[in-house]
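Open your viewer and get ready to click along. This tour tells you what to select at each stop and what you will find there.

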Amino acid sequence: MKRLVLLVAVVFALSSVASAAIITSVDRSNGTSGNRSPIGSFDGETQPLASDGTLADGLHVFSDRDYPWANTPSELVGAEYIRTFNTDKGGTGSDTVTYDVTIGQPAILAVTVDNRFPDDGFTLQSKVDEVVSAFAAPGTFVDTGLDLYIREDMTEPYDTDRPMSVFASPVMGPGTYTFGPSQSNRNFYTIGAMVPEPMTIALLGLGGLGLIRRKR
């Protein structure tokens with residue numbers, strides 16, 4: 001009987017941890033300024049809007065665009081994500097944005113990158129490495145082979161859905177991670193976080209990348 005009670009207690013505790021928010025705070029600094037829907041007027045220190053919920057079709061991608069997610073892979077449904085500012089893609093000089101993202105429990109971090117970068121002479125890996133260079137060595141984030149799509153035109157036949165490749169990290173320990181600028185004419189990146197359950201790691205094809213790493 002005691003063993004049963006203990007088992008129930010452990011299961012309840014693990015369920016509570018899994019259901020707790022992963023991303024506990026976001027601090028955007030040195031971004032661009034503008035006036036775009038849905039957020040309205042913003043400057044370089046304006047913080048992102050809260051997401052409409054965990055990742056799913058129809059939810060807003062950015063804080064300063066009305067674009068929704070589309071064709072979301074089942075492996076990514078339910079992930080937490082940050083509604084970055086698409087306007088930050090144009091920042092130069094003092095407008096070199098950073099997003100300080102704090103996670104309160106071990107998690108897989110993810111960055112989405114516009115699939116059109118090879119047309120501009122960049123590899124997707126190099127653009128991701130640029131974004132995470134403050135805390136991760138080149139190649140730390142790997143291509144999962146999954147794409148998220150941004151629906152830029154809400155009229156059928158939806159032939160302008162923009163694919164964003166999803167790159168994921170090893171399991172990262174609790175702490176604050178700084179995501180840096182990525183100047184371009186393409187869609188700006190978004191940031192996600194997922195609970196590192198064995199099934200999640202397997203579905204993302206991360207294999208041996210489950211080792212917990214902490215920011216130094």
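How do the residues lining the largest cavity divide into nonpolar, polar and charged? The lining has 11 nonpolar, three polar and one charged residue. Here Ala, Val, Leu, Ile, Met, Phe, Trp, Tyr, Cys and Pro count as nonpolar, Asp, Glu, Lys and Arg as charged, and the others, Gly among them, as polar.

Before you go on, note that this is a predicted model: local features need pLDDT of at least 70, side-chain atom pairs count only at pLDDT 80 or more, and totals for chains, interfaces and linings use all residues. Residues are numbered from 1 along each chain as its sequence is written, and side-chain values use heavy atoms, with hydrogens and water left out.

**Stop 1: the largest cavity**

Select Leu 55, Ala 110, Thr 112, Leu 148 and Gly 192, which lie nearest the centre of the largest cavity among its 15 lining residues. A cavity is a set of points, on a 1 Å grid over the protein atoms alone, where a 1.4 Å probe fits but cannot get out; lining residues have an atom within 4 Å of a point. The volume is about 100 Å³, taken as the space filled by probe spheres set on the points, with grid points joined across faces, edges and corners.

Now colour strand 5 (80–82), strand 7 (107–114) and strand 11 (190–194), each of which supplies at least two residues of this lining. Strand 11 gives the largest share, five residues. Strands (E, at least two residues) and helices (H or I, at least four) are DSSP runs, numbered from the N terminus.

**Stop 2: the second largest cavity**

The second largest cavity has a volume of about 80 Å³. Select Val 113, Phe 117, Ser 182, Asn 187 and Tyr 189, the closest to its centre of the 13 residues that line it. Strand 7 and helix 2 (124–131) each give two or more residues to this lining, and the largest share, four residues, comes from strand 7.

While helix 2 is in view, pick Asp 129, which lies in it. Asp 129 is buried, at 14% relative accessible area (buried means under 20%, exposed over 50%, partly exposed in between, with a 1.4 Å probe and protein chains only). Beyond its neighbours within four places in sequence, Asp 129 is in contact with Pro 138 and Gly 139, where contact means heavy atoms within 4.5 Å.

**Stop 3**

Switch to a cartoon view and follow the open sheet of six strands in the order 4-8-9-7-11-5, with antiparallel pairing. Two strands pair if DSSP finds at least two bridges between them. Strand 4 (69–70) and strand 5 are the edges, each pairing on one side only. Strand 7 and strand 9 (residues 162–172) are joined by seven bridges; to see one, select Ala 107 and its bridge partner Met 172.

**Stop 4: aromatic rings**

Show the rings of Phe 42 and Phe 85: their centres are 4.9 Å apart and their planes at 50 degrees, so the pair is tilted. Rings of Phe, Tyr and Trp (its six-membered ring) pair if their centres lie within 6.5 Å; planes under 30 degrees apart count as stacked, over 60 as edge-to-face and the rest as tilted. Phe 42 sits in strand 3 (residues 40–42) and Phe 85 in the loop between strand 5 and strand 6, 43 residues apart. Phe 42 is buried at 4% relative accessibility, and Phe 85 is buried at 0%.

Finish with Phe 135, Phe 141, Tyr 177 and Phe 179, which ring pairs link into a cluster.

Terms used: 1 Å grid on protein atoms, 1.4 Å probe; cavity = no way out; pocket = protein on both sides within 12 Å on 5 of 7 lines; lining within 4 Å.
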